[in-house]
Amino acid sequence: MFSLAQPPLFTRLAPCRRILIAGAGGGFDVYAGLPLALALWEAGKQVHLANLSFVGVDRLPERDMLRPGVAAVVPDTGGDSGYFPERSLSRWLDGQGLPATVFAFQMTGVRPLASAYRTLAKLLDLDAIVLVDGGTDILMRGDESGLGTPGEDMTSLAAVDVVDVGTKLVLSLGFGVDAYHGVCHAHVLENLAALDRDGGYLGALSIPRESREGRLYVDAVAHATAETTSGPSIVHGSVAAAVRGEFGDVALGKRTAGSELFVNPLMAMYFAVELDALARRNLYIDRLHQTYTMWDVVREIEAFRDAVDPIRPQRAYPH
């Protein structure tokens, strides 16, 4: 039973002891799970962090490989000096005296990624997996006017959907940031309402600016920005600005020069859903289960989109 006194997200995770928080869409998505990880560590949970990686995982040092397609990244793991979000996070965690291993998944299709998740589920004896998305495109079901950049998110969703773990959730952080990629956020809200009717919506909660989790998240993003010379995260730069209480067209550096941002408090809110409910509402997830590469995934999504009729028309949020 849920109560106003405790967010449903934490009610669902209360009986879980060993939890994997994994970035669904690659890049810096794992950072979206950091505030939750900090809260769960404080509550005495055994929490592990992972990410679908844009780094060539199979080219990492042999000592860091658990098996083909899965690496355990630590502060001194070798690799690209200018872009390595998993290592940047590992170094920041180590500096805070927190568990510093960040698991990195090779960018693949659903079948090998599901196998990699099963490896970690067995190795870590998991009783929960929480997929986290920096943005909202993981909440798209397929018939919206714009899907954002769905390939990586939907690969992760489809992979975890077939992994046998008792509790599986999805968190979205950064409401509004995917407008740049064509996501209609009226459709995001419509999809959340439909999930609520299905019993799959677990509500929303803000990351408070004056909380330990909020302060440390902002610090971690600043650390990653300083380490990432070849393209710091616009998503987490925006979310961190929202957590700091900034608003409107906030300057985030060269990557956003010439663009008008709309940083606002909704960006600093988690939207939580049941993973199986989200997967059931997706209109093309069954097409992805036999994919082996990310190119396979992209082709299947494009083929589905070519046949969708009707597309839900773009609509403005009316307020």
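This is a predicted model: local features need pLDDT of at least 70, side-chain atom pairs count only at pLDDT 80 or more; totals for chains, interfaces and linings use all residues.

Residues are numbered from 1 along each chain as its sequence is written, and side-chain values use heavy atoms, with hydrogens and water left out.

**Stop 1: helix H8**

Select residues 234-243, helix H8. Helices (H or I, at least four residues) and strands (E, at least two) are DSSP runs, numbered from the N terminus. Of the 10 residues in H8, 8 are buried, so the helix is largely enclosed by the rest of the structure. Buried means under 20% relative accessible area, exposed over 50%, and partly exposed in between (1.4 Å probe, protein chains only). Color the buried ones: His 236, Gly 237, Ser 238, Val 239, Ala 240, Ala 241, Ala 242 and Val 243. Now show strand S7 (167-173) and helix H7 (212-227); the buried residues of H8 pack against both.

Check the two ends. At the start, a side-chain oxygen of Ser 233 comes within 3.4 Å of the backbone nitrogen of Val 235. Just after H8, Gly 245 has a positive phi of about 95°.

**Stop 2: the largest pocket**

The largest pocket holds about 1,200 Å³ of space. Select Val 177, Asp 178, Tyr 180, His 181 and Val 235, the closest to its centre of the 44 lining residues. A pocket here is an open set of points on a 1 Å grid over the protein atoms alone, where a 1.4 Å probe fits, with protein on both sides within 12 Å along at least five of seven lines; lining residues have an atom within 4 Å of a point. Which element gives the largest share of the lining? H8 does, with 4 residues.

**Stop 3: the cysteines**

The structure holds 0 disulfides (pairs of cysteine sulfur atoms within 2.5 Å). Select Cys 16: it is buried, at 3% relative accessibility. Cys 184 is buried too, at 1%.

**Stop 4: backbone details**

Most residues other than glycine have a negative phi, and most peptide bonds are trans. Go to Asp 125, in the loop between helix H4 (110-124) and S6. Phi of Asp 125 is positive, near 55°. Asp 125 is partly exposed, at 47% relative accessible area.

Finish at Pro 310, in the segment after helix H10 (294-307). The peptide bond from Asp 309 to Pro 310 is cis, with omega near 5°.

Note on methods: Contact means heavy atoms within 4.5 Å. A polar contact is a pair of N or O atoms within 3.5 Å; within protein, one must be able to donate a hydrogen and the other to accept it, and residues adjacent in sequence count only if both atoms are side-chain atoms. Grid points are joined across faces, edges and corners, and a volume is the space filled by probe spheres set on the points.
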